[in-house]
Amino acid sequence: MFFAENELSLELLGVFRISRKVQTTQKSHKRNYDSLSLRLEGSGKFKTEDKTFKVQKGDVLYLPQNADYTQKTAGEKLIAIHFINYNFNRKAKIEIIKAENTEYVEKIALQMYDIWKEKKQGYRHKCTSLLYELLYLLNCQEHEQIIDSITSDQKIKNAIDYIHTNYRSGSIDISYLAKMCSVSETYFRKLFKMIYGVSPKQYILNLKLEIASQLLQSGFYTISEVSDKSGFNDEKYFSKLFKKRFGITPKEFSKNENIRIKY
């Protein structure tokens with residue numbers, strides 16, 4: 001996001017409260033300013049050439065200048081903040097920020113709107129300071145999420161190292177992996193799937209099958225030897241799982257020189 005830059009030079013153009021009824025898809029009009037908007041109610045969709053964004057209550061939507069998109073709303077109420085950023089990368093793309101403290105973000109946005117609407121002495125300076133406060137809040141949130149991700153990954157690094165070293169030694173106890181990482185088994189399973197996209201058990205199975213495919217591709221081992229070297233005690237069971245994963249049997253795989261598995 002543009003607000004991750006250490007130096008920002010912003011010019012606030014306006015703060016608006018917008019209500020939209022249900023509308024069909026509308027093409028955007030390219031604008032020479034940027035926009036942050038907070039959904040107070042309702043939802044909408046923004047579609048670019050390669051991606052669709054769905055915004056809901058509490059979401060902060062960032063639209064860079066000259067963004068090209070189509071828009072559809074199911075009925076919305078929002079606060080929109082328009083500004084010019086003289087520093088940021090013009091390759092910036094549309095993004096949605098899931099605010100963690102939605103009440104505080106909403107409070108800042110509504111306060112900005114009220115101050116801008118009343119236009120009392122110094123209103124532009126006050127609103128600009130609140131905009132920087134909002135960006136600071138969102139930047140801190142993003143930074144903490146990155147740190148959390150790194151910390152979580154580090155927490156289970158020992159378990160991953162253990163799996164890759166001991167995948168051949170029979171069944172790996174998931175509760176043992178959790179203890180190794182000093183977390184509960186429930187939390188370990190949740191954390192593992194969040195980072196790797198599969199359960200610990202499926203990760204171990206995938207690892208074994210991928211190693212088996214590499215051994216088969218080498219052409220140096222029999223099916224029985226591959227089954228043993230990749231951590232399977234039962235050749236028949238190994239063949240069944242291999243076919244389920246790759247669509248052909250180990251024997252068919254080993255005979256086909258044109259097969260190249262993508263991991």
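**Exercise 1. Is Phe232 buried or exposed?**

Start with the cut-offs: buried means under 20% relative accessible area, exposed over 50%, and partly exposed in between (1.4 Å probe, protein chains only). Phe232 has a relative accessible area of 5%, so Phe232 is buried. Before you go on, note that this is a predicted model, where local features need pLDDT of at least 70, side-chain atom pairs count only at pLDDT 80 or more, and totals for chains, interfaces and linings use all residues. Residues are numbered from 1 along each chain as its sequence is written, and side-chain values use heavy atoms, leaving out hydrogens and water.

**Exercise 2. Work out how many aromatic pairs there are, and describe the one formed by Phe232 and Phe238.**

Rings of Phe, Tyr and Trp (its six-membered ring) pair if their centres lie within 6.5 Å; planes under 30 degrees apart are stacked, over 60 edge-to-face, the rest tilted. That rule gives twelve aromatic pairs. For Phe232 and Phe238, you get 5.2 Å centre to centre and 40 degrees between the planes, a tilted pair. Now try Phe246 and Phe253: 6.4 Å and 35 degrees, tilted again. Finally, ring pairs join Phe232, Phe238, Phe242, Phe246 and Phe253 into a cluster.

**Exercise 3. Find where Asp59 sits and which side chain its own side chain touches in a polar contact.**

The partner is the side chain of Lys98, at 3.0 Å. A polar contact is a pair of N or O atoms within 3.5 Å; within protein, one must be able to donate a hydrogen and the other to accept it, and residues adjacent in sequence count only if both atoms are side-chain atoms.

Methods:
Helix = DSSP H or I, 4+ residues; strand = E, 2+ residues; numbered from the N terminus.
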